[in-house]
Amino acid sequence: MKIAIYPGSFDPVTLGHLDIIERASALFDKLIVVVMHNVAKSPMFTVEERMEFLRRTTSRLSNVEIDAFGGLLAGYAAQRGACTIVKGLRAMSDFEYEFQMALTNRKLNPNVDTIFLMTSAEYMYLSSSMVKDIALHGGKVADFVPPEIEEEIFHRMRKDG
Ligand code: ADP
């Protein structure tokens with residue numbers, strides 16, 4: 001069974017992420033979307049909230065599993081028997097960092113390869129931080145996040161902000 005993992009902050013999941021999830025899930029027997037808790041970042045949504053948003057928006061994709069992890073990705077891949085790490089690329093500016101990460105992960109776990117899926121053109125400028133900025137200032141995020149979570153993101157951000 002070919003298992004791939006798609007790691008990220010997903011704070012919150014956007015239509016750009018969902019596009020990568022749909023395309024990657026068609027390439028592998030199983031795709032594990034893993035919410036990474038990164039101590040260096042201070043997220044807007046809790047790990048549980050981010051997982052719940054992902055679960056809701058991917059429920060129709062039967063080979064997609066949602067998980068969370070806080071350590072080294074190379075170790076997590078080995079633990080889950082994954083052969084591939086999936087990343088999305090939006091612009092050249094993503095490349096240098098992702099290149100470094102891919103080489104490092106391969107060094108740490110030679111059994112795992114990283115593949116990159118190019119963003120779909122309409123999501124090229126879409127990021128979670130842009131969504132948070134818009135919602136914080138009271139703007140509508142309907143064009144940027146899956147419809148199942150749009151209202152909730154809007155309300156939670158207004159409540160916190
Ligand atoms: P962000 O960079 O928006 O904070 P994440 O850390 O959650 O996002 O990203 C997880 C993965 O999804 C990364 O590989 C990132 O490059 C990719 N990604 C994020 N937004 C998009 C998008 N709009 N199109 C394609 N890939 C994306």
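Now the ground rules. This is a predicted model, where local features need pLDDT of at least 70, side-chain atom pairs count only at pLDDT 80 or more, and totals for chains, interfaces and linings use all residues. Residues are numbered from 1 along each chain as its sequence is written, and side-chain values use heavy atoms, leaving out hydrogens and water.

Packing, then. A nonpolar core here is a set of buried Ala, Val, Leu, Ile, Met, Phe, Trp, Tyr and Cys residues joined through side-chain atoms within 4.5 Å. The largest one has 30 residues. Those touching the most other members are Tyr 6, Ile 21, Leu 31, Val 33, Leu 54, Val 86 and Ile 153. Several elements give two or more residues, including strand S1 (3-8), helix H2 (47-58) and helix H6 (147-160). Helices (H or I, at least four residues) and strands (E, at least two) are DSSP runs, numbered from the N terminus. H1 gives the most, with four residues.

Apart from this core lies another, of 12 residues, among them Ile 5, Val 34, Ala 77 and Val 112.

What does Tyr 6 touch, leaving aside its neighbours within four places in sequence? Contact means heavy atoms within 4.5 Å. Its partners include His 17, Ile 21, Leu 31, Val 33 and Val 86.

On to charges. A salt bridge is a side-chain nitrogen of Lys or Arg within 4 Å of a carboxyl oxygen of Asp or Glu. How many salt bridges does the structure hold? There are 14.

Take Asp 11 and Arg 50: they pair at 4.0 Å, N to O. Asp 11 sits in the loop between S1 and H1, Arg 50 in helix H2, 39 residues apart. Both are buried.

Next, Arg 60 and Glu 22, with closest N and O atoms 2.7 Å apart. Arg 60 is in the loop between H2 and S3 and Glu 22 in helix H1, so the pair ties together parts 38 residues apart in sequence. Arg 60 counts as exposed, at 52% relative accessibility. Glu 22 is partly exposed, at 30%.

Back to Glu 151. Its side chain meets that of Lys 140 in a salt bridge, 4.0 Å from N to O. Lys 140 is exposed, at 52%.

Last, a network: salt bridges link Lys 30, Glu 65, Asp 67 and Arg 80.

Methods. Buried < 20%, exposed > 50% of the residue type's maximum accessible area, 1.4 Å probe, protein only.
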